[in-house]
Amino acid sequence: MSNSSSHTPDSISIESLANPQLPYELVSNNFKHYGKRTAPDPLLDTDCQIAREQISQWPGYETTPLLDLGSCAEGIGLASVYYKDEAPRFGLGSFKALGGAYAVSRILLQKLDKEIGDELDRELTLKDLTSGEFAHITQNHTVSCATDGNHGRSVAWGAQRFHCQCVIYIHSEVSEGRREAIERYGAKVLRIEGNYDDSVRIAANEADRLGRTVVSDTSYPGYLEIPADVMRGYTVLADEAVEQLNTVQPTHVFLQGGVGGFAAAITARIRKHYPQNPPRIVIVEPDQAACIYQSIKRGEPVVVSGELDTIMAGLACGEVSLIAFDILLHDCDDVLIISDHAAILGMQLLAKGALYKTPVVSGESGVTGLAGLIQACGSTELKQALQLDEDSRVLVFGTEGATDPDVYRELVGQTAESVVLSITQ
């Protein structure tokens with residue numbers, strides 16, 4: 001992987017990213033009709049509340065930090081920018097820990113109930129999974145998925161925690177560092193030729209043939225409920241953030257794209273928390289993997305083909321999730337696509353300490369929403385189009401830390417450990 005940034009971390013400034021010369025494309029959603037969807041709501045309040053209640057019982061659960069990026073807001077002419085930092089989440093380094101692992105727990109509880117529920121005089125609970133009391137049964141089940149890295153790590157972690165087998169498929173562009181990180185949780189990792197969407201199809205076909213259960217964060221015809229559980233896990237981020245904001249109501253929320261599961265989950269919860277004067281929802285994608293952009297532009301799912309070659313590895317997706325798209329088509333406002341160069345600059349600015357009172361570690365996909373916001377504020381045309389001004393209060397999500405240490409070092413110019421060490425010096 002080559003570093004496409006011509007700047008070094010010592011020489012960059014906010015102006016480097018808030019640069020009107022950097023390439024971008026913006027589409028406004030002409031199909032939005034807030035909340036008025038024809039499909040059943042996969043994110044009912046009761047289901048989201050159950051997800052949070054369950055996840056908050058997991059060992060190691062803590063609310064992740066919400067950082068007030070005052071230096072960033074001042075530098076780009078906004079009232080405030082809040083950054084939900086998912087790097088510490090369960091020690092896995094990303095928000096994905098909430099979705100895949102939660103879906104694994106739901107699958108195994110359902111299987112246990114079907115196999116032995118009639119023999120028990122009580123309802124099976126999460127403690128029954130984590131205790132290992134029924135490991136002799138759950139070990140007979142195998143969960144599987146395709147991944148760019150973080151989702152597979154979450155599914156593997158969930159399989160290890162809840163005592164079942166796990167097989168993960170990665171595509172040709174997934175780094176060795178991410179493969180090794182998944183294997184550390186006991187999963188069998190298989191690399192395929194092709195891109196992310198090819199790996200999704202292969203994982204699904206092999207699961208049908210071998211009797212595995214696919215735990216995907218993308219949905220397709222006939223496969224909706226498990227991705228909905230993944231999304232319900234993601235809603236924990238939004239609920240935490242709203243509580244941390246307290247009386248502050250954001251005017252804008254910038255969210256990473258990918259297959260859309262994360263973006264749709266956060267969008268739906270934000271809309272429910274703020275029904276009056278709802279924040280403007282802006283989805284940000286890599287210019288080389290802009291399936292949500294193309295789909296919102298057309299008003300129907302559009303497949304983006306090719307190698308999907310972007311350093312924003314977690315967003316290198318060519319097909320939008322169906323249940324996610326149904327939410328985004330009605331509830332997001334805009335989709336912005338940016339270059340890899342913008343994401344690299346965002347990582348470097350955070351590591352330098354130019355956006356917060358101390359340096360912050362963010363991975364190449366984790367910084368996408370923030371990078372899109374800063375770049376938008378450098379263009380008078382784009383800033384006006386998104387109605388960003390000195391009264392704007394913006395919420396962004398840092399969805400991952402340095403989930404691949406080698407890639408992080410190459411892009412930022414220093415290790416994540418050295419960035420963290422500089423905070424204490």
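A cavity here is a set of points on a 1 Å grid, over the protein atoms alone, where a 1.4 Å probe fits but cannot get out; a lining residue has an atom within 4 Å of a point. The model is predicted: local features need pLDDT of at least 70, side-chain atom pairs count only at pLDDT 80 or more, and totals for chains, interfaces and linings use all residues. Residues are numbered from 1 along each chain as its sequence is written, and side-chain values use heavy atoms, without hydrogens and water.

The volume of the largest cavity is about 260 Å³. That is the space filled by probe spheres set on the points, with grid points joined across faces, edges and corners. The count is one cavity of 30 Å³ or more. Helix H7 (150-162) and helix H11 (261-273) each supply at least two lining residues; helices are DSSP runs of H or I, at least four residues, numbered from the N terminus. By class, this lining has 13 polar, seven nonpolar and four charged residues. Nonpolar means Ala, Val, Leu, Ile, Met, Phe, Trp, Tyr, Cys and Pro; charged means Asp, Glu, Lys and Arg; the others, Gly among them, are polar.

Now the open space. A pocket is an open set with protein on both sides within 12 Å along at least five of seven lines. The largest pocket has a volume of about 610 Å³. Its lining comprises 29 residues, with Ala-87, Gly-93, Val-361, Gly-401 and Ala-402 closest to the centre. Helices H8 (176-183), H17 (405-412) and H18 (416-424) are the elements that give two or more residues to this lining. H18 gives the most, with five. The pocket lining divides into 16 nonpolar, seven charged and six polar residues.
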